[in-house]
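Please look first at the sequence and the 3D structure shown here, and then follow the paragraphs below from one chain to the next.

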Amino acid sequence: MIISRRAALLGAAAASLCKPALAQEAGWPSQPQHVFVGFPAGSSPDLLARIVTEPLSDTLGQPFVIENKPGAGGVIGVQQMLNAQDIENSFAATINGPLTTAPRLTPNLGYDVESDIAPVALIATSPLVLVVSAEFEADDLSGFVDAAGAEPEALAYGSVGQGSGAHLTAELFSDRAGVEMLHIPFTSYAEVTTAIIGNEIDCGFMAPSAAMQYVEAGQLKILGITSAEPFAQAPGVPVMAGQAGLPDDFRAELWNAFIAPAGTDAAVIETLNTKINAILGDEAVQQRLLDMGWQAAGGSADVLAQRIATDTEVWGSVLDRIDAKD
Amino acid sequence: MSGWDGFLHGLSVAAQPGVLIYCMFGVLLGTFVGVLPGIGAMATISLLLPITFYLSPEAALVMLAGVYYGSQYGGAVASILLRLPGTPQSAVTTLDGYPLAQKGRAGVALFTSMIASFSGSMIGIFVLIVLSGALAKAAVAFGAAEYAAMMILGLVAASTVGAKQPSKALAMVVLGLILGCVGTDVNSGVQRFTFGQTELMDGINLVALAMGLFGVAEVIANIRVAERTGVPPRIALRDLLPGKAELRRIPLPALRGGSLGSFFGALPGTGSTISSFLAYALERRLSRRPQEFGNGAIEGIAGPEAANNSAAISAFVPTLALGIPGDPIMALMLGALVIHGVQPGPLMLEARPDMFWGLIASFGIGNLLLLVLNLPLIGIWVSMLRIPFRLLYPAILIFVCLGVYSVRGSSFDMFAVALIGIIGYALSLARFSPALLLLGFVLGPLIETNLRRALLIGRGDPMVFLERPLAAVFIIAAAGLIAMSVVQVIRRRSASAGGQTP
């Protein structure tokens with residue numbers, strides 16, 4: 001339903017040209033703006049959104065109110081943004097899932113990423129780290145790959161659910177490293193960490209912020225990181241790409257982005273992108289993000305659009321592989 | 001620094017005026033939202049969260065925690081007076097609290113719940129101070145097999161709670177189990193019974209279910225009673241206080257409930273709703289007067305109320321010591337800690353002893369405040385019964401709607417609570433127990449997920465449940481309970497076959 005209405009709007013070029021002009025003359029923003037977040041208050045996507053919306057409210061002179069609409073892995077937040085767009089300017093801050101893998105994983109998604117969503121800016125990215133118990137036999141990635149390759153499903157890994165970043169990254173890794181691991185889905189990193197510490201499962205991919213303190217406490221160790229370069233929050237952790245038979249371009253990142261409904265005034269998106277980039281350029285903001293395990297990103301709206309397209313393809317092929325296995 | 005030294009140090013943090021005042025505000029607000037059906041700690045803490053940016057981390061956390069355990073006190077009030085649990089955790093309290101209130105003993109029921117809540121909290125705090133290290137280790141040692149086995153034991157032990165007919169009880173538990181299946185299956189990622197609704201992907205909202213079954217259903221049931229038949233007489237102060245015989249029935253159940261609750265609270269994912277059910281089941285099994293249960297047994301209030309309060313306290317063990325939140329409210333508390341630059345987990349005790357012990361000491365202060373505040377309030381709560389139905393029930397419906405909406409801002413949940421309310425009313429007409437449906441709903445997904453996870457980890461070998469000693473103990477205990485019930489039934493049959501009464 002949303003799709004067809006959007007398509008009609010986009011088709012009527014005149015209509016969509018009229019709308020921005022009005023918005024500009026009125027001196028946007030002239031009223032409080034709503035930013036939908038598909039996760040509960042206090043969660044990391046929520047905290048990331050607040051780091052951006054607080055200064056945004058200050059510089060643009062209107063409050064940017066966070067609306068927490070948790071559910072369905074963040075999809076409900078995006079749906080609610082689209083539902084609210086006829087009433088007011090609505091935006092969303094979301095994790096990568098609803099923009100990349102959700103069309104594959106969520107029946108009745110209710111939106112088409114390409115035609116219904118206007119990218120605004122990439123907020124922050126986080127690599128994943130491969131974590132094992134401190135007692136694990138190997139100390140580096142090649143030792144791990146040897147252990148995992150001893151026989152199919154020699155090692156079991158935990159994830160935060162079917163189709164989650166942790167699941168797909170582990171499958172991508174298995175594919176590139178030529179091993180077969182047993183997937184045990186959990187619902188949170190906390191559960192995965194407990195299961196690894198308790199030696200119930202062997203390993204898992206997770207955000208560095210979820211693992212670091214257990215490493216410091218001597219309960220876990222990290223064997224590698226999925227980013228292209230070493231990460232400040234995980235000092236001394238080697239990059240996985242190019243190691244233990246993995247290709248040089250092996251990379252996996254989680255990200256958070258600011259988006260708007262398609263058809264939002266181009267000038268509004270431009271203004272938001274400029275302001276968000278300015279906020280992300282602030283060293284204090286960068287430090288706050290780093291403390292939470294995130295790297296400030298930024299860049300043009302096209303950078304985000306490109307990111308969505310690339311990741312949709314990469315994770316799509318991983319999902320194909322998982323489907324083929326079943 | 002550990003144990004009592006830490007606690008004393010914490011007292012010096014928690015007793016600072018700047019922290020104390022927020023502790024008081026937190027527990028007061030907690031009691032209040034606990035009383036209102038539907039609006040609970042979850043909604044209140046999420047609303048308060050942005051405000052805490054302007055407070056010191058200690059004051060912020062002490063206040064938010066105060067709302068959490070304060071709401072456990074308040075939750076019982078509406079359960080007892082109106083058969084409307086203020087929070088899902090206090091649903092069990094309706095079973096005996098309401099009948100007692102019907103007999104004009106509302107004050108006694110409230111007094112029992114306050115004293116039991118306080119005792120439970122104190123046991124929880126004691127456990128937190130003395131055993132937090134051991135409990136944190138136990139939480140790690142608990143794998144999927146242990147959880148599954150323990151939940152099976154819980155289901156077996158509690159599945160006769162509040163039931164007069166076993167077949168009806170079983171039907172309700174099973175219906176609860178089925179409703180618990182709704183949503184995305186954790187193990188396979190498959191959507192079950194969602195009918196294409198994204199809103200159902202995370203399952204039915206627990207608050208909507210509890211408020212629909214108890215709150216809305218009760219309101220519908222009372223529509224037929226257009227006006228209260230005879231306003232309850234003004235209750236004299238001495239009627240509010242229990243007599244000696246009644247007082248004597250509080251301590252042991254409170255002690256047992258408190259111990260049970262502090263154990264379950266410390267296990268992530270089990271939570272205080274389950275512990276209150278189990279405490280009730282335990283009391284009924286131990287009682288020499290099981291027939292009184294469901295008709296206003298003091299033990300049936302004291303046990304569960306002590307259990308849910310001590311569980312609320314010990315739920316902080318995994319959250320603070322492991323960084324593992326046990327339920328959504330604890331996840332929110334964890335988020336609040338992170339916002340204030342405190343990383344809960346194995347390093348927290350060393351990195352932030354002020355915060356850790358200050359928070360625990362504030363539990364002691366807060367609970368003392370709660371007791372002092374709540375005992376005089378009993379008279380005021382009881383006078384709530386004098387509010388005419390035509391004013392009271394519409395107000396309750398509004399609070400239920402507000403509360404359900406505030407959980408995740410979903411209008412879908414509003415329709416759900418209305419529908420569940422109608423179903424709940426139909427069930428109560430047919431004399432089915434909604435408490436058991438809730439039990440099945442809470443336990444079902446836990447059993448299923450952990451059972452399948454344990455089998456997956458064990459590469460399909462069912463022996464995992466007997467090879468792991470803790471799991472084996474739970475399974476054997478569950479089998480023993482079933483065997484006991486079977487023997488009881490057989491004995492009763494042969495006894496009634498011999499005697500004249502059918």
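Two residues are taken to be in contact if their C-beta atoms, placed from the backbone, lie within 7 Å. This is a predicted model, in which local features need pLDDT of at least 70 and side-chain atom pairs count only at pLDDT 80 or more, while totals for chains, interfaces and linings use all residues. Residues are numbered from 1 along each chain as its sequence is written, and chains are lettered from A and ligands numbered from 1 in the order in which they are written.

In chain A, A:Thr193 belongs to helix α10, residues 189-197, where helices are DSSP runs of H or I with at least four residues, numbered from the N terminus. Leaving aside residues up to four places away in sequence, A:Thr193 touches A:Ala210 and A:Tyr214. A:Thr193 is buried because 27 other C-beta atoms lie within 10 Å, the cut-off for a buried residue being 20 or more such atoms within 10 Å of its own C-beta atom.

Just after α20(B), B:Arg459 adopts a positive phi of about 50°.

Between the chains, 33 residues of chain B are in contact with 36 residues of chain A. On the chain B side, α5 (93-141), α15 (328-339) and α20 each give two or more residues, and α15(B) supplies the largest share, four residues.

Definitions and conventions:
Buried ≥ 20, exposed ≤ 12 C-beta atoms within 10 Å, placed from the backbone.
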